[in-house]
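Dear colleague,

Please find below the structure that I am handing over to you.

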Amino acid sequence: MELVQAAGAGVDLRQESDEDLLIYMSMRADDPAVARVAWAEFFLRHREYLYRLCRKLSRGVLDDAGAKDLVQDTFIRAYQKASTFNGEGIKDPGRLQRRTRAWLGRIAHRIFLDMLRGRDGVRDVPLDENDPVPEPEPIQSSATSTIKQLVNEATDSLSEREQIVLRTTIQYYEPGKKNQHLPHDVADDLAKTLKTTPENLRQIRRRALRKIKQYIESKTG
């Protein structure tokens with residue numbers, strides 16, 4: 001997934017923060033060579049994370065090549081929209097990385113929704129339609145593996161609409177936090193894609209989770 005070749009010999013931006021790299025990218029009109037170096041460093045830092053996210057986001061919809069295209073499109077959009085990133089003065093590298101990756105995730109999600117809008121049969125998916133999805137990744141613990149396998153089997157039995165809603169909401173789930181909601185813009189985009197309302201998304205999610213719970217209970221007795 002090689003996107004760029006570093007230009008600007010002698011420029012080393014490996015110690016720069018993510019926010020600084022994005023600032024360099026936003027100044028590409030003034031110094032395009034340094035902007036490309038910043039983009040290359042930014043890409044190397046986040047490509048593995050973004051690839052895993054895009055595979056998870058597009059599970060059952062895009063194959064590996066499609067997920068890689070989504071990664072590339074996301075980095076291109078990030079380069080173009082670098083000036084819109086707001087680090088809110090965060091200095092801690094770990095917190096800044098999480099904020100940067102959340103920003104990348106939102107970009108990937110919006111591009112993915114745009115892709116779904118252009119795919120035949122996705123906008124009007126019947127609730128009982130099931131599509132095959134890739135095999136789950138192996139898990140170390142045998143007990144955990146059994147539950148994970150049941151969850152994957154149950155998820156596979158959901159309609160594509162229900163799977164898309166679950167894949168989207170899980171990206172914004174924070175363990176231990178109460179009264180969680182999708183960001184308004186994300187909920188609006190998802191609702192438009194599925195030709196429903198943001199309020200109905202919650203019903204779709206509840207129905208999907210109930211089906212998964214019932215499936216697991218039927219198998220574990």
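This is a predicted model: local features need pLDDT of at least 70, side-chain atom pairs count only at pLDDT 80 or more; totals for chains, interfaces and linings use all residues.

Helix 1 (residues 18-26) packs against helix 2 (residues 32-57) at an angle of about 145 degrees, and their axes are 8 Å apart. The crossing of helix 1 past helix 2 is left-handed. On the side of helix 1, the residues in contact are Asp18, Leu21, Leu22, Tyr24 and Met25; helix 2 contributes Val34, Ala35, Ala38, Trp39, Glu41, Phe42, Arg45 and His46. By class, this contact comprises nine nonpolar, one polar and three charged residues.

His46 is also the site at which helix 2 bends by about 50 degrees. The end C-alpha atoms of this 26-residue helix are only 32 Å apart, whereas a straight helix would reach 38 Å at 1.5 Å a residue.

A search of the whole structure gives four aromatic pairs. In one of them, the ring centres of Phe85 and Trp103 are 5.4 Å apart and the planes stand at 70 degrees, so the pair is edge-to-face. Phe85 lies in the loop between helix 3 (64-80) and helix 4 (93-117), and Trp103 in helix 4, so the pair ties together parts 18 residues apart in sequence.

Yours sincerely

Methods: Residues are numbered from 1 along each chain as its sequence is written. Side-chain values use heavy atoms; hydrogens and water are left out. Axes are lines fitted to C-alpha atoms, for helices over the stretch in contact, and angles run from 0 to 180 degrees between N-to-C directions. Helices (H or I, at least four residues) and strands (E, at least two) are DSSP runs, numbered from the N terminus. A crossing is left-handed if the near helix is turned anticlockwise from the far one by less than a right angle, and right-handed if clockwise. Contact means heavy atoms within 4.5 Å. Ala, Val, Leu, Ile, Met, Phe, Trp, Tyr, Cys and Pro count as nonpolar, Asp, Glu, Lys and Arg as charged, and the others, Gly among them, as polar. The expected span of a helix is 1.5 Å times one less than its number of residues. The bend at a residue is the angle between axes fitted to the seven residues ending there and the seven starting there. Rings of Phe, Tyr and Trp (its six-membered ring) pair if their centres lie within 6.5 Å; planes under 30 degrees apart count as stacked, over 60 as edge-to-face and the rest as tilted.
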